[in-house]
Amino acid sequence: GDEIMQRKHKSRWTAAVFILIPLAAGALSALLTRDGMRLFALMRKPPLTPPAWIFPAAWTALYIMMGIASYLVYTAGVSRVRRDRALTFYAVQLGMNFFWSIIFFALEMYLTAFIWLIGMWVLILICTALFWHIERRAGRLMLPYLAWVAFAGYLNMGVLLLN
């Protein structure tokens, strides 16, 4: 009884850490780029640009889904090599996600940000496929992120062309 309760408690803490990692990366990135986000609000943007409040809400949901997906992969009953490969792609794309905001908002390097975003999208696609083959639910949780980053590419290119 006690051992099972301890294991459940430990797995809840582990899950929380996996969810907090992308949330913390996103929060720090937003904090570092808040001045650039104010400038972004004044720029010309392409059609279909959502209202400003959508971005933090969408990213929060996406980061939570990413965290859950990474936890599902971490706890899946697969070889350490497969798990580590998938989680390495996850970590690299999360790092690229963090730096994209800095390149786009803080440095205002819109073409560089667009090229960076293409590389990031490819890594997310690979990560999603690796997750999918380890734990289908994890792969499915990554699909909205993949779609949102594609949409971010459209917005990034729109800002580049219109400003």
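Helices α4 and α5 cross each other in a left-handed way. This is a predicted model, so treat everything here as computed. The two helices pack at an angle of about 160°, and their axes are 9 Å apart. Anything over 145 degrees counts as roughly antiparallel, so α4 and α5 get that label. Who sits in the contact of α4 with α5? There you'll find 22 nonpolar residues, 5 polar ones and 3 charged ones.

That brings us to the inside of the protein. In soluble globular proteins, nonpolar side chains tend to be buried together. Here, the largest nonpolar core has 42 residues. The ones with the most contacts inside this core are Phe104, Met120, Phe131, Met142 and Tyr145. Two or more core residues come from each of α3 (54-74), α4 (80-106), α5 (110-134) and α6 (136-162).

Zoom in on Phe104 for a moment. Skipping residues up to four places away in sequence, Phe104 touches Phe40, Met109, Tyr110, Ala113, Asn156 and Val159.

Now hop over to Trp148, which you'll find in helix α6. Is Trp148 buried or exposed? Its relative accessible area is 15%, and since the cut-off for buried is under 20%, Trp148 is buried.

Next, the loops. Thr49 is in the loop between α2 (34-42) and α3, and at 24% relative accessibility it counts as partly exposed. Thr49 and Tyr154 are 105 residues apart in sequence, yet their C-alpha atoms are 9.4 Å apart in space. Setting aside neighbours within four places, Thr49 is in contact with Phe55 and Leu155.

Most residues other than glycine have a negative phi. Leu48, though, has a positive phi of about 75°. Glu108, in the loop between α4 and α5, also has a positive phi, near 55°. With 41% relative accessibility, Glu108 is partly exposed.

Note on methods
Residues are numbered from 1 along each chain as its sequence is written. This is a predicted model: local features need pLDDT of at least 70, side-chain atom pairs count only at pLDDT 80 or more; totals for chains, interfaces and linings use all residues. Side-chain values use heavy atoms; hydrogens and water are left out. A nonpolar core is a set of buried Ala, Val, Leu, Ile, Met, Phe, Trp, Tyr and Cys residues joined through side-chain atoms within 4.5 Å. Buried means under 20% relative accessible area, exposed over 50%, partly exposed in between (1.4 Å probe, protein chains only). Helices (H or I, at least four residues) and strands (E, at least two) are DSSP runs, numbered from the N terminus. Contact means heavy atoms within 4.5 Å. Axes are lines fitted to C-alpha atoms, for helices over the stretch in contact, and angles run from 0 to 180 degrees between N-to-C directions. Angles under 35 degrees count as roughly parallel, over 145 as roughly antiparallel, 65 to 115 as roughly perpendicular and the rest as oblique. A crossing is left-handed if the near helix is turned anticlockwise from the far one by less than a right angle, and right-handed if clockwise. Ala, Val, Leu, Ile, Met, Phe, Trp, Tyr, Cys and Pro count as nonpolar, Asp, Glu, Lys and Arg as charged, and the others, Gly among them, as polar.
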